[in-house]
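Here's a quick tour of a protein model for anyone just starting out with structures. Have a look at the picture and keep it open while you read.

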Amino acid sequence: MSETTPLTDATPTALQRLKVFSRRTFGDIGPVGYFLRFAILLLFALYFGLPLLWLLLAPSKDQFEIISLNPLAFGSWTTVIESWKNVNAYVHGEIWLWFGNSVIYVVSSLLIGMAISIPAGYILAVARFPGRIPLLWLTLITMLLPPSAMVLPLFLELNLVHLINTAWAVILPACFFPFGVYLTYVYYSSSLPVDLLDAARVDGCSEWLLFRFIGLPLAKPLLGLLAFISFNANWNNFFGPWVMLNNSKLYNLPVGLQSMIASTSAIRPGFNTTPGLLKFQQADAAMAGLIMIVPVVIVFLISQRYVVGGAFTGSVKG
Amino acid sequence: MSHLISKAASGLNYKWRRSLSTYLFALPYFLFMVAFGLGPGIYAFLISFADFKSGVPRYFAAGLKNYVTAFSDFRFLDTMTNIAEFLVVSVPLGIALVVLIALLLHMRPGRLSSALRTLYFIPGAVTGPALLLLAIFMFSPAMSPFGFIQRALGYDSFDLLIAPERLPIIFTVIGFFSGAGMWIAIQYGALEGVSTEVLEAAKIDGCNAWQQALYIKFPLIRPYIIYQFILIFAGNIQLFVEPQLMGTTWISANVPQQWAPNQLAYSFAFDLGNFGAAAAMSLLMLAVGLGAAYFVIRWTGFFDIKA
């Protein structure tokens, strides 16, 4: 309810002006609330942002500067170039082998995963068949099971079929994407005209044709979202590949990064397993870390279109 | 008569063909689910009763011995206490702060809110060794941008800061940094789903933004909060990467080699070769995960599937 100034008053008083200003700026939050909200959000912005900023600046400082300079100061471009060179020199540029592996693993499990998940989610949404409800139950249950509980048994399982220490040990488990199936199911449930499908069925249209000409084309928005989620989950996958892979040539980025850092003096000063190994400094470790993080940030920023606020919930606000 | 039979037969044929193609849609997924979803759980169950002394599993030879080995290990109780402490700190704090931030952001939707949500989300890209690297530097009072706080609290060095009694809160701080962004995005999405009509009606009745948040938005996103609780609980019980990396990369007396139960399982498997005991531990963690799954399915009515 807005206050109306009495018709007799020609000029608003200072108090009235203040009140109007307050209402316009602070709305229904109120001035105290406004600053409280601002302060809290700012605090968290610092909590999340300062470490990122530090990480971005770390490759520019050598091991003395990194302690002596202000944590958020920029060191020198020379050090940045140095750390880039050092990271590349580690076992003849193995980091790029790991990078390539990561890309292969992520893209493979994305393609295979989507190829099996989308049809499954689709058929769960549009057809009634015995076993449909149990399959949905199982999807939900496995979706909620933490992957790290399964890593050891998975290791033993893959060991049985001699797939340990191969790329398949990383790719195959990642193709099981229950979250993707559930999302697809919810998506098709709310967007497919079931009557249309029934009519086509009565006319003798096969399920496959239905999927190909109605289901698939409708899946385009879903593809972007699924791809983003799958990429995020698999690019950073550490525990599984760490257990499955022994051969450093097969490592993905997280595992490779771990082996690189663990064997250098960047974190344990004075500890150096391989004599003759280039002295690895904090700047180099930070540079390697950035190489791992940057693709995720890029993919995230690109896919902002598909991941609009509430897309994770899988529900579309009508 | 015969034409009726042939009609019936062709009808059956048609239905059978349709059923077959329907199943084919779901079959690859089902196979992968058995292999990589259900299979490991079942296999772990089998293995937990196997004897590994000879290096090769002799199934059902060990009876309950593996369970005894696992549960009576001198480290078992410590790992359980550690993870319990971690859960008590991380779960309520994690959820409360995520919900608070989401509510605050939603009060004024706009460019700033959107930019902040992105900022909060980006640390999710920092995981595994990169996260640990960052953590070690952030917790080193000499190098960290937060150093002045740490030094003011009396912690002058990394070793002083990372003491065993502080590990639950340390891992909470690390985990929140990496994981909160995604949950904030999810809860924000849930808030977007709250009916604007209800909010407007409340506003007309004189409700300010804070009352809206507390009495309308918060109760309406309850299912999502419960969902978050279950997932964070089940996920945090599985804590492995941070304590493992911290314990092995930075060898310090302050971080025991097996701090979390999952690390104990790992140690049974790869230090002692006793996969049976490892499987027993894994199953214990799995059981808790299943328990959480059961709760979520009951509480949130996840099974109200549109038939």
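Which residues of helix 6 of chain A are buried? They are T139(A), L140(A), I141(A), T142(A) and L144(A). Before going further, keep in mind that this is a predicted model. Chain A has 15 helices and zero strands, while chain B has 14 helices and, again, zero strands.

**The two chains**

- Chain A is 318 residues long, and 42% of them count as buried.
- Chain B has 307 residues, with buried ones making up 44%.
- Reading chain B along its sequence gives you the pattern α-α-α-α-α-α-α-α-α-α-α-α-α-α.
- Take the contacts in chain A between residues at least 6 apart in sequence: 71% of them join residues at least 24 apart.

**Where the chains touch**

- On the chain B side, 85 residues are in contact with 82 residues of chain A.
- Helix 1 of chain B, covering residues 2-47, gives the most to that side, with 20 residues.
- Sorted by class, the side of chain B that touches chain A has 61 nonpolar, 20 polar and four charged residues.
- As background, the size of an interface is often given as the accessible area lost when the parts come together.

- Helix 6 of chain A runs over residues 132-144, so to speak a stretch of 13 residues.
- From its first C-alpha to its last, helix 6 of chain A reaches 19 Å, close to the 18 Å expected at 1.5 Å a residue.
- Two packed helices are described by the angle between their axes and the distance between the axes.
- For helix 6 and helix 9 (residues 178-191) of chain A, the angle is about 135° and the axes are 8 Å apart.
- That angle makes helix 6 of chain A oblique to helix 9 of chain A.
- The crossing of these two helices, helix 6 and helix 9 of chain A, is left-handed.
- Helix 6 of chain A brings T139(A), L140(A), T142(A) and M143(A) to the meeting, and helix 9 of chain A brings P178(A), F179(A), V181(A) and Y182(A).
- By class, this contact of helix 6 with helix 9 of chain A has six nonpolar, two polar and no charged residues.

**Helix 3 and helix 11 of chain B**

- In chain B, the axes of helix 3 (residues 76-107) and helix 11 (residues 222-237) come within 10 Å and cross at roughly 150°.
- Helix 3 and helix 11 of chain B are therefore roughly antiparallel to each other.
- Helix 3 of chain B passes helix 11 of chain B in a right-handed crossing.
- The residues that helix 3 of chain B puts into this contact include I83(B), F86(B), L87(B) and S90(B).
- Among those they meet in helix 11 of chain B are I225(B), Q228(B), F229(B) and I232(B).
- By class, the contact of helix 3 with helix 11 of chain B has twelve nonpolar, four polar and no charged residues.

**A closer look at L103(B)**

- L103(B) is also part of helix 3 of chain B.
- Why does L103(B) count as buried? Because L103(B) has 21 C-beta neighbours inside 10 Å.
- Leaving out residues up to four places away in sequence, L103(B) touches A213(B), K217(B) and F218(B).
- L103(B) and Q212(B) are 109 residues apart in sequence, and their C-alpha atoms are 9.8 Å apart in space.

**Some residues outside the helices of chain A**

- T13(A) sits in the segment before helix 1 (14-26) of chain A.
- T13(A) is exposed, with 10 other C-beta atoms within 10 Å.
- The C-alpha atoms of T13(A) and K220(A) are separated by 59 Å, and the two residues are 207 apart along the chain.
- Most residues other than glycine have a negative phi.
- H162(A) has a positive phi of about 55°, although it is not a glycine.
- You'll find H162(A) in the loop between helix 7 (151-160) and helix 8 (168-175) of chain A, and with 9 C-beta neighbours inside 10 Å H162(A) counts as exposed.
- N165(A) lies in the loop between helix 7 and helix 8 of chain A, and N165(A) has a positive phi of about 70° without being a glycine.
- With 14 C-beta neighbours inside 10 Å, N165(A) counts as partly exposed.

Key
Residues are numbered from 1 along each chain as its sequence is written. Chains are lettered from A and ligands numbered from 1 in the order in which they are written. This is a predicted model: local features need pLDDT of at least 70, side-chain atom pairs count only at pLDDT 80 or more; totals for chains, interfaces and linings use all residues. Axes are lines fitted to C-alpha atoms, for helices over the stretch in contact, and angles run from 0 to 180 degrees between N-to-C directions. Helices (H or I, at least four residues) and strands (E, at least two) are DSSP runs, numbered from the N terminus. Angles under 35 degrees count as roughly parallel, over 145 as roughly antiparallel, 65 to 115 as roughly perpendicular and the rest as oblique. A crossing is left-handed if the near helix is turned anticlockwise from the far one by less than a right angle, and right-handed if clockwise. Two residues are in contact if their C-beta atoms, placed from the backbone, lie within 7 Å. Ala, Val, Leu, Ile, Met, Phe, Trp, Tyr, Cys and Pro count as nonpolar, Asp, Glu, Lys and Arg as charged, and the others, Gly among them, as polar. A residue is buried if 20 or more other C-beta atoms lie within 10 Å of its own, exposed if 12 or fewer, and partly exposed in between; C-beta atoms are placed from the backbone. The expected span of a helix is 1.5 Å times one less than its number of residues.
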